[in-house]
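Trainee: Before we discuss this model, could we look at the sequence and the structure side by side? I would then like to work through it by question and answer.

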Amino acid sequence: MKFLLETYGCQMNRADADRIRTDLSNSGFTEIEKNEIPDIIILLSCSVRQHAVERLHGRLWSLANIKRIKPELKFVLVGCLAQEKKSDLFDKYPFLNLVIGTDQINLVADLIIRNYNGLYTVQHNENIPLNSFKLTRSDPFKADIPIMRGCNNFCTYCIVPYVRGRERSRCKEEIIKEIDNLPETTKEILLLGQNVNSYIFDNLSFSELLDLISKKYNNLRIRFLTSHPKDLDLKTIEVMASNDNICKHIHLPIQSASDRILELMNRKYTFSEFDKKVEQLKKFIPSISLSTDIIAGFPSETEEDFLKSLNSISHFGFCSAFTYKYSPRNGTKASEFINQIPEEIRKERLKRLIQEVEKEVILQTQKQIGKKSKVLLEGKSHYGNTCMGRDEANRVIHIKNVENLIGEVIEVKITSSSGWNLYGDLIPE
Ligand code: SF4
């Protein structure tokens, strides 16, 4: 049987997609090639951001028409939206055959083979091990390695703790086994979790795990995502500073720069505490690049609160930022706050945030001209005989005449920039 797997939402879902894909292939299913017609359509859903939810609902409505033309087609919905809405989804989309929650990704192939129909979700109260088998990875050079699942923080706007459950860290042996099984072409790994800084397994902390992995795999470039500002500790910063193969980039979501809003968000840090963490990072790693997440229009946010967030972009010199318009998620505390901000104001603030981020990113990009940079060459660019890759801060860099080096980490001298893009020349060894 042939399957089509579509993934919505975050990096965690993309990592889960690789597991589902591998499990299906190992069970005799084949992923469709372009223009082939599948027997099964699997949608890996997200309910964290409104945009991903809307895209998914749009897709589900269009699939209803396909089901009318091809009634034998099987539809499977997996992930956060499935965990959140459960059997309500069958009322809205009666053509769905199977709805599977977030912690059962290892069972997708098995449930399909058993011709299971209906809802399959469990409570997230135990550490469900992820298989450490050799995964069919969608990227030949980069691999996401989940080190933990779930979150204990209950930020008032966020649905993750409800749909992905409490924090459960993976044991070191399982993580090592997964890295050992990576294809030889892998050059970069991303240690992944909703809040990696609170990783703990048998007294092994995140900083210890990071140190151990970077030393054991000193041929790999290492990143990690996502860090919570309140949990980023000095030891982790020291480990980053002392291991050359850990990218000197950190994604540190500020969400708001107003202390009043941060408290309402239950973020458990103030602006000045965030500022001090950044100071510490810059002291130990002067070349550090910072990226962030910022929400516009959280309930009760005043223009004064918003301006603090807006000004934080240049204050911290973020190299990139994911900006969002606040959208109430059912079941979260903030969705019940009475002073919701009207849609037009949220939209208008988001627009200003995006403009400010663009301005800052271009400024930060221009500052790279003349500098040397280590770039993982990912493939051909859209123009000419140019290839593209990413530096340690995840910035896109285009380089000429390096086709034979695709898949390698090369040293580049940055020569010019255009918008968010950088251009450079290979520095011969
Ligand atoms: S830290 Fe907060 S925003 Fe991040 S996943 Fe946990 S609850 Fe959500």
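**Strands, helix, loops and ligand**

Mentor: Let us begin with an open sheet of 3 strands, which pair in parallel in the order β14-β15-β16. Its edge strands, each pairing on one side only, are β14 (249-251) and β16 (320-325), and from one strand to the next the twist averages 10°. Please keep in mind throughout that this is a predicted model.

Trainee: Is strand β13 mostly covered or mostly open, and how many of its residues are buried?

Mentor: Strand β13 spans residues 221-225 and is mostly covered. R221, R223 and L225 point one way from the strand, whereas I222 and F224 point the other way, and all are buried. The number of buried residues in β13 is therefore 5 of 5, where buried means under 20% relative accessible area.

Trainee: Which strand is joined to β13 by 5 bridges, and which residue in β13 is the bridge partner of L192?

Mentor: The strand joined to β13 by 5 bridges is β10 (residues 188-192), and the two run parallel. For L192, the bridge partner in β13 is L225.

Trainee: What is the omega of the peptide bond from L225 to T226?

Mentor: Most peptide bonds are trans. The bond from L225 to T226, however, is cis, and T226 is found in the loop between β13 and α9 (234-242). Its omega is near -5°.

Trainee: Which residue just after α1 takes a positive phi, and what is the phi of K86?

Mentor: Just after α1, a positive phi of about 100° belongs to G28. Most residues other than glycine have a negative phi. K86 is not a glycine and yet has a positive phi; this residue lies in the loop between α3 (80-85) and α4 (88-92), and its phi is about 45°.

Trainee: Is D202 buried or exposed, and what is its relative accessible area?

Mentor: D202 lies in the loop between β11 (200-201) and β12 (204-205), and it too has a positive phi, near 45°, in a residue other than glycine. The cut-off for exposed is over 50% relative accessible area. D202 is therefore exposed, with a value of 70%.

Trainee: How far apart in space are N152 and S198, C-alpha to C-alpha?

Mentor: N152 sits in the loop between β8 (148-149) and α6 (160-164) and counts as partly exposed, at 37% relative accessibility. In sequence, N152 and S198 are 46 residues apart, while their C-alpha to C-alpha separation in space is 9.5 Å.

Trainee: Which residue in the hairpin of β17 and β18 takes a positive phi?

Mentor: Strand β17 (residues 372-380) pairs with β20 (residues 409-418) in the antiparallel sense over 5 bridges, with S373 opposite V412. Strand β17 is also joined to β18 (residues 386-390) by 4 bridges, again running antiparallel, and here L377 stands opposite G389. The hairpin of β17 and β18 has 5 residues between the strands, and the residue with a positive phi, near 50°, is G384.

Trainee: How far apart are the centres of domain 1 and domain 3?

Mentor: The chain is divided into domain 1 (2-120), domain 2 (142-365) and domain 3 (372-426). Taken over C-alpha atoms, the separation between the centres of domain 1 and domain 3 is 36 Å.

Trainee: How many residues of the shell around the ligand are nonpolar, polar and charged?

Mentor: The residues around the ligand include C151, F154, Y157 and P161, and among them are also N153, Q194, H228 and R267. The shell divides into 7 nonpolar, 3 polar and 1 charged.

Notes:
Residues are numbered from 1 along each chain as its sequence is written. This is a predicted model: local features need pLDDT of at least 70, side-chain atom pairs count only at pLDDT 80 or more; totals for chains, interfaces and linings use all residues. Side-chain values use heavy atoms; hydrogens and water are left out. A residue is near a molecule or strand if one of its heavy atoms lies within 4 Å of it. Ala, Val, Leu, Ile, Met, Phe, Trp, Tyr, Cys and Pro count as nonpolar, Asp, Glu, Lys and Arg as charged, and the others, Gly among them, as polar. Domain bounds come from an automatic or database domain assignment. Two strands pair if DSSP finds at least two bridges between them. Axes are lines fitted to C-alpha atoms, for helices over the stretch in contact, and angles run from 0 to 180 degrees between N-to-C directions. Buried means under 20% relative accessible area, exposed over 50%, partly exposed in between (1.4 Å probe, protein chains only).
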